[in-house]
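The following questions and answers are meant for a reader who is meeting this structure for the first time. Please look at the sequence and the model before reading on.

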Amino acid sequence: MAKDDLRTKHETHYEKFEKDGDIYMRAKKYIVKFSPHHITLQFDNLFNGDSILGEQMHRFLNQNSDLIFKELQVPYEETFSLVFNKITNDVFTRVPMNKIFK
């Protein structure tokens, strides 16, 4: 799935905590919101490589891609939020705040 002119909004909520005498931070909540201008869907090897059926399906999917994306948007956003939250915490829970923000 390709998203043309995709805009994303990231909102993060942090809390501080102390470990070994240093102050660290961790993301308590990470929210990702997608606002694509246009969606293009591309799947390979549909119908066991039948090019006629595959082309027809791609035409149908892309004519309805905005509706299809709206159905998938919340699971996409929730999944990316979880991934970004983990990456954020992998960094911020290992490096004290005074080393990140000088």
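The questions below go from the whole chain to single residues.

Q: What kind of model is this, and from which number does residue numbering start?
A: This is a predicted model, in which local features need pLDDT of at least 70, side-chain atom pairs count only at pLDDT 80 or more, and totals for chains, interfaces and linings use all residues. Side-chain values use heavy atoms, with hydrogens and water left out, and residues along each chain, as its sequence is written, are numbered from 1.

Q: In which order do the secondary structure elements of the protein run from the N terminus?
A: Helices (H or I, at least four residues) and strands (E, at least two) are DSSP runs, numbered from the N terminus. The protein has three helices and two strands. From the N terminus on, their order is β-β-α-α-α.

Q: What is the radius of gyration of the protein?
A: The radius of gyration is taken over C-alpha atoms, and the globule rule is 2.2 Å times the number of residues to the power 0.38. The C-alpha trace spans about 65 × 25 × 20 Å along its principal axes. For a compact globule of 102 residues the value would be near 13 Å, but the protein has 20 Å.

Q: What percentage of the residues of the protein count as buried?
A: Buried means under 20% relative accessible area, exposed over 50%, and partly exposed in between (1.4 Å probe, protein chains only). Of the 102 residues of the protein, the share that counts as buried is 24%.

Q: Which residues does Leu-61 touch, not counting residues up to four places away in sequence?
A: Leu-61 is one of the residues of the largest nonpolar core. Contact means heavy atoms within 4.5 Å. Not counting residues up to four places away in sequence, Leu-61 touches Leu-41, Phe-43 and Ile-68.

Q: Why does Thr-88 count as buried?
A: Thr-88 is found in helix H2 (residues 65-92). Leaving aside neighbours within four places in sequence, Thr-88 is in contact with Tyr-14, Ala-27 and Tyr-30. Thr-88 counts as buried because its relative accessible area is 12%.

Q: Is Phe-80 buried or partly exposed?
A: Phe-80 lies in helix H2. Apart from neighbours within four places in sequence, Phe-80 is in contact with Val-32 and Phe-34. Phe-80 and Phe-69 are eleven residues apart in sequence and 15 Å apart in space, C-alpha to C-alpha. Because its relative accessibility is 39%, Phe-80 counts as partly exposed.

Q: Where does Phe-47 lie?
A: Phi of Phe-47 is near 55°, a positive value in a residue other than glycine. Most residues other than glycine have a negative phi. Phe-47 is partly exposed, with a relative accessible area of 41%. Its place is the loop between S2 and helix H1 (51-63).

Q: What is the relative accessible area of Asn-48?
A: Asn-48 is in the loop between S2 and H1. Asn-48 has a positive phi of about 55° although it is not a glycine. Asn-48 counts as exposed because its relative accessible area is 78%.

Q: What distance separates the C-alpha atoms of Asn-64 and Ile-39?
A: Asn-64 is placed in the loop between H1 and H2. At 23% relative accessibility, Asn-64 counts as partly exposed. Asn-64 and Ile-39 are 25 residues apart along the chain, and their C-alpha atoms are separated by 9.2 Å.

Q: With which residues is Glu-15 in contact, leaving aside its neighbours within four places in sequence?
A: Glu-15 is found in strand S1 (residues 2-19). Its relative accessibility is 30%, so Glu-15 counts as partly exposed. Glu-15 and Lys-29 are 14 residues apart in sequence and 9.6 Å apart in space, C-alpha to C-alpha. Leaving aside neighbours within four places in sequence, Glu-15 is in contact with Tyr-24, Met-25, Arg-26 and Lys-28.

Conventions:
Core = buried A, V, L, I, M, F, W, Y, C linked by side-chain atoms within 4.5 Å.
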